[in-house]
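Thanks for coming. I will go through one model this morning, with the cut-offs given as we reach them.

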Amino acid sequence: PTRSIEWYQRRVHGDIRFVSEMGGSESNPAYKVPVSYIPDPDLEAEEEAKKKIIPKRPRNDKGLFSMCNFVFGATLELSDKADLVKVLYLMKKGLRISGLHLKRCYIGFEHLKQLTALGDHLRDITSLNFQDCYLSGERLAYFANLLKRLDYLQVLNVAENHLISAEMVMLAESLATTQLIELDISSNELKYEGRTIIYKKILAENVGIAKLFLNDLEIDAKDMPILSLSLKNNRALRILELWSNQISDPGCSEIAQIIVSHPTLVHLNIGFNNITSKGCEIVCNAIVKQDKLKCLLIQANNVGDEGAKSLSNLLQVSSSVQSLGCGANRIELEGIKALSHAIGITKKLRVFSMPFTPLASQELEVLTAALEENASITTLNLSNNDIKQTDLHYIGEMLKYN
């Protein structure tokens, strides 16, 4: 949630001392204000200076870092190369940060080289987000050298960087001494050999990963036994995202094995994986057995009415599932009746999402009756369902009870 935060940090630069105030959210500070010179360095003088801060004003065209003031230990989110240049300068002067997020920010060779050369100034960094930063090719060598210097790195995002299989060896070697708790390597151009390196060299050696994002990597049923084996010793996994792969029904047996062997798992996304009713049933049975999973996203598959019946049984039997996403699955009236029956009798479900599922009068009537019985739903997504204007009164009926 957005909240107002006042951060103060004294920084000496020549004979001028600044105090900065930021308002807004932690990830998007909106204001920065200089304060006049503070003659006395003791703590009492600093407290007095904080009381005399001039009113805050909008950031100017020079950007967030125009005043060259930061909070020590903060995570910085940069949007362009100019900001990065200023941060590099400040880090050379002694600035310590805990995270550097450069999502969709073009990074040149020289910037990566300068980052790597900072040495001990990097020791506090625990989080790096280099999503869509053009790290492939020669840049990856500099980035790998940077990773080797981050002894306490815990969170790494290198999604959407066009990384190829041959580059995975270098990335894996650079992470040999880390203990990651979150990894996002989605949407890279990896073949089977490259994905195998991720499983065997990164996942198998980082057994404390709690959040794992492997979306859009063309993972198929052939990969799944190796992925399952690589997570065998992991006892911390909470979030597993495998959206937009090619797992299909044969791979669902290994998905089931991962679910059952990880009682910590609470969030699973296997949407857009060409899973039919058979694979859906296997996954649902595993969730019932594990009985800890809170969120299942199985949208954009092909589970149909039979798969909807398996999902219905899951909602009725499981004591843990609170969120279900099952849209775009060719579910028709029979399947909606089965799901509605489960929604009507369970009081645990909080989020129900079924977009891209054509809903005519009959389907809406069934859903409305179910929601009359269950007022525990807090989020309902029925978007892109071709609901006719004459049927909108059903939505009004749903809102009366939720």
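The axes of α8 and α9 come within 8 Å and cross at roughly 5°. Axes here are lines fitted to C-alpha atoms, for helices over the stretch in contact, with angles from 0 to 180 degrees between N-to-C directions. Helices α8 and α9 are therefore roughly parallel to each other. On that scale, angles under 35 degrees count as roughly parallel, over 145 as roughly antiparallel, 65 to 115 as roughly perpendicular, and the rest as oblique.

Before going on, the ground rules. This is a predicted model, where local features need pLDDT of at least 70 and side-chain atom pairs count only at pLDDT 80 or more, while totals for chains, interfaces and linings use all residues. Residues are numbered from 1 along each chain as its sequence is written, and side-chain values use heavy atoms, with hydrogens and water left out.

Which residues of α8 and α9 make the contact? On the α8 side they are D249, C252, S253, I255, A256, I259 and V260; on the α9 side they are K278, G279, I282, V283, A286, I287, K289 and Q290. Contact means heavy atoms within 4.5 Å. By class, the contact of α8 with α9 has nine nonpolar, three polar and three charged residues. For the classes, Ala, Val, Leu, Ile, Met, Phe, Trp, Tyr, Cys and Pro count as nonpolar, Asp, Glu, Lys and Arg as charged, and the others, Gly among them, as polar.

Now α8 by itself. Helix α8 covers residues 248–261, and its 14 residues should span 20 Å at 1.5 Å a residue; the end C-alpha atoms are 20 Å apart, which agrees. The expected span is 1.5 Å times one less than the number of residues. Helices (H or I, at least four residues) and strands (E, at least two) are DSSP runs, numbered from the N terminus. The buried residues of α8 are S248, D249, G251, C252, I255, A256, I258 and I259. Buried means under 20% relative accessible area, exposed over 50%, and partly exposed in between, using a 1.4 Å probe and protein chains only. Those buried residues pack against α7 (224–230), β11 (239–241), β12 (267–269) and α9 (277–290).

In α6, the buried residues are G194, R195, T196, I197, I198, Y199, I202 and L203. Their cover includes α5 (165–174), β9 (182–184), β10 and α7.

F130 and F143 form a tilted pair, 4.9 Å centre to centre with 50° between the planes. F130 is in the loop between β7 (127–129) and α4 (138–148), F143 is in helix α4, and the two are 13 residues apart. F130 counts as buried because its relative accessibility is 0%, and F143 counts as buried at 0% as well.

W243 and F272 form another tilted pair, at 5.9 Å centre to centre and 45° between the planes. This pair links the loop between β11 and α8, which holds W243, to the loop between β12 and α9, which holds F272, 29 residues apart. W243 is partly exposed at 34% relative accessibility, and F272 is partly exposed at 45%.

The C-alpha atoms of N157 and F130 are separated by 5.8 Å, although the residues are 27 apart along the chain. Leaving aside neighbours within four places in sequence, N157 is in contact with L128, N129, F130, Q131 and D184. N157 is buried, with a relative accessible area of 11%.

Two backbone points. D216 has a positive phi of about 55° although it is not a glycine; its place is the loop between β10 (211–213) and α7, and at 34% relative accessibility D216 counts as partly exposed. A328, also not a glycine, has a positive phi near 55°. A328 lies in the loop between β14 (323–325) and α11 (333–345) and is partly exposed at 29%.

Finally, the totals. The protein has 13 helices and 16 strands, and 50% of its 402 residues count as buried. Among contacts with a separation of 6 or more, 77% are between residues 24 or more positions apart.

How values were computed: Phe/Tyr/Trp six-rings, centres within 6.5 Å; stacked < 30°, edge-to-face > 60°.
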